[in-house]
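I opened a notebook page for a structure I had not looked at before.

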Amino acid sequence: MIKEFAFGISNRHHFQDAEDMEQWEGIENDTFCSLYNYDDYVKDYYSNNKSLSGFDGPIYIPDEFLLDVDGENTLDARDKLANLLILLKQLDVPSRIFFSGTGFHVGIPNTAFKWEPHQDLHIAVKKSLTDKGIFEFADPSVTDKTRIIRVNNTRNSKSGLFKVQIPDDYIDQMINCNEKDFEDFITEFAKEPQSIDPPDRGCKPVFNVIIKEEDIKPVTAQVITDSTHHTCIQKMMEGAPRGKRHMVALRIASYLRWRFPEDIVYMIMENWRQKVSIESPFKQEEMINIIKGCYTGHGGQGYTYGWDDPIIKFYCDSTCKLHRGRKSLRTESVMSASAMEKELIEFYAKDDDPINIGHLYGQDFPIYPGEVVIIQAPPASMKTMLLQNWMVALKRPTYFIEMEMSPRQIWSRFVMIENKWTQEQLVEHYSQLQNGQEDKFKWLTVDYSSPYPSDIEKKISMMDNKPELVIVDHMGLFKSKRQDNNMKVEEASQALMELAVKYNIVVFAVSEISKSAFKEGMDISSSRGSFRVAYNANKLLSLTPYRNRETNLIEMIHIKSDKNREREFLSVKLNVNNVRIE
């Protein structure tokens with residue numbers, strides 16, 4: 001088993017064998033470890049994400065599970081501890097008591113739990129401990145999935161005292177003594193490390209926290225299906241900004257309350273609470289009260305919210321099927337100042353993660369969902385190869401419309417870029433009839449057809465997983481009933497703009513320029529279709545190739561932003577190294 005260790009709150013993500021805990025005891029600095037244990041998957045997850053936020057692997061209850069007891073001061077924490085010890089005695093659960101430096105930790109053996117490893121084990125633990133009354137005295141937030149807790153016999157920098165075990169024969173005296181004697185005792189006893197007694201393992205299971213997969217999977221699938229039809233719920237499930245979390249949680253819980261069993265509602269809402277607690281804690285007690293209110297409100301009838309609720313209206317849009325009747329009363333193309341302001345507030349409230357190609361080169365050039373980026377360049381200037389390099393670097397769910405090259409050529413390039421292979425290494429691998437590379441490209445779907453621009457929306461709407469990124473290579477190859485080439489490209493650019501906005505995705509599209517435009521120098525009027533193509537784009541990137549005079553091969557390209565509706569600017573020269581552009 002593996003634990004995460006932290007040397008101070010900000011110096012986390014040191015993964016060590018859980019059996020080596022003792023070597024981190026006795027340190028005179030803040031030292032923490034994860035409450036739960038992990039398997040090797042935690043290392044892979046952190047390596048890929050550089051964070052444990054959203055960790056989706058299984059967790060394991062350690063040999064000793066720690067309950068955290070805090071209060072407004074140490075005396076208040078002592079009173080809560082006394083009540084918790086009475087409750088544990090009634091439940092016939094043995095315990096070890098530790099002074100944490102400011103409050104108390106109560107260790108109970110993992111034999112008190114009937115459990116199996118699971119990615120949602122922490123949710124079941126919280127629910128069971130809540131049902132048994134534990135969290136009337138202990139802090140439930142410490143039992144979150146990736147929370148850390150102080151290591152035994154390490155020094156608390158705030159109080160200057162060590163986390164030490166309180167011997168059994170001192171506990172009654174400590175709880176019942178007066179305020180001054182208590183403070184004198186704690187200050188003296190915790191000024192240096194103390195001996196640690198072995199835990200009592202003799203305990204029958206009291207807390208049943210086994211999660212049945214057959215109950216969770218169908219409900220989870222149903223929630224996802226429902227939310228895709230009920231867009232207000234879907235948006236709220238993605239999270240909410242501080243200041244609006246309580247109101248949003250109430251609407252989600254009331255929606256779930258009428259559709260799923262109560263324990264499933266608690267599980268889903270606990271996951272949501274953790275999602276919105278990354279920047280600022282959303283207390284579990286608040287969430288529990290919100291859920292209870294959804295069942296007991298209005299004299300036990302429960303809460304319901306209709307289309308006229310201001311929060312529902314804030315998150316609703318024209319594709320909503322939950323409040324279809326409301327949409328018939330609304331004209332989407334006509335907006336008041338209030339509606340436009342709401343649109344801007346919603347944009348910043350969602351805090352969408354942009355696709356920042358500037359970060360690949362030490363610059364800042366974010367591209368937000370709903371935006372179209374046109375890349376203009378002359379023929380044979382490595383436009384497709386550049387886009388493939390970006391796709392491999394970003395690894396976002398991608399729908400790539402390739403109308404120029406064959407699957408063999410495209411796949412060869414992708415594999416070489418991903419693995420940093422030469423052509424010879426590629427040939428050697430596939431001449432031995434080896435496969436296995438496809439696992440590295442689960443984010444990728446390539447369409448080699450030449451569709452009408454309007455067909456793209458139909459294809460995306462039928463996909464199980466909506467892409468975040470659509471790549472079009474190139475606009476001039478779309479089918480069209482128009483004869484004029486400029487009009488064909490304009491039609492394509494208009495369709496792509498509407499696609500990006502409707503599905504809230506990023507679109508990259510290649511537009512070739514004429515020879516005269518390349519000779520005269522590229523600007524916003526260089527793309528075929530002239531100003532109309534540039535007008536439909538949120539951002540316009542010009543790609544200029546530089547060839548080696550002797551070999552006539554492209555050895556460098558210059559990418560420059562010629563149009564951006566935001567303030568960022570991109571200008572970078574990149575070297576061509578085989579199929580990699582760096």
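The entries below record what I looked up, in order.

Entry, the model. I noted at the outset that this is a predicted model.

Entry, the whole chain. I looked up the secondary structure and found 20 helices and 21 strands. The chain has 582 residues, and buried residues make up 49% of them. I then read the accessible surface, which comes to about 29600 Å². Carbon and sulfur atoms account for 48% of that surface.

Entry, contacts. I took the contacts between residues at least 6 apart in sequence, and 69% of these join residues at least 24 apart.

Entry, cysteines. How many disulfides does a search of the whole structure find? I got 0. I also checked two cysteines for burial. Cys294 has 0% relative accessibility and counts as buried. Cys177 is at 17% relative accessibility, and it counts as buried because the limit is under 20%.

Entry, strand 18. I picked strand 18, residues 539–547, and asked which way it pairs with strand 13, residues 372–377: parallel or antiparallel? The pairing is parallel, over 4 bridges. Within it, I found Val373 opposite Lys539 of strand 18.

Strand 18 also pairs with strand 19, residues 554–564, this time in the antiparallel sense over 9 bridges. Here Thr544 stands opposite His558 of strand 19.

Entry, the hairpin. Strand 18 and strand 19 form a hairpin with 6 residues between the strands. I looked up Asn552 in this hairpin and read a positive phi near 65 degrees.

Terms used: Residues numbered from 1 in each chain as written. Predicted model: local features only at pLDDT ≥ 70, side-chain atom pairs only at ≥ 80, totals over all residues. Heavy atoms only, no water. Disulfide = S-S within 2.5 Å. Buried < 20%, exposed > 50% of the residue type's maximum accessible area, 1.4 Å probe, protein only. Contact = heavy atoms within 4.5 Å. Areas by Shrake-Rupley, 256 points an atom, 1.4 Å probe, with all protein chains shown as cover. Pairing = 2+ DSSP bridges.
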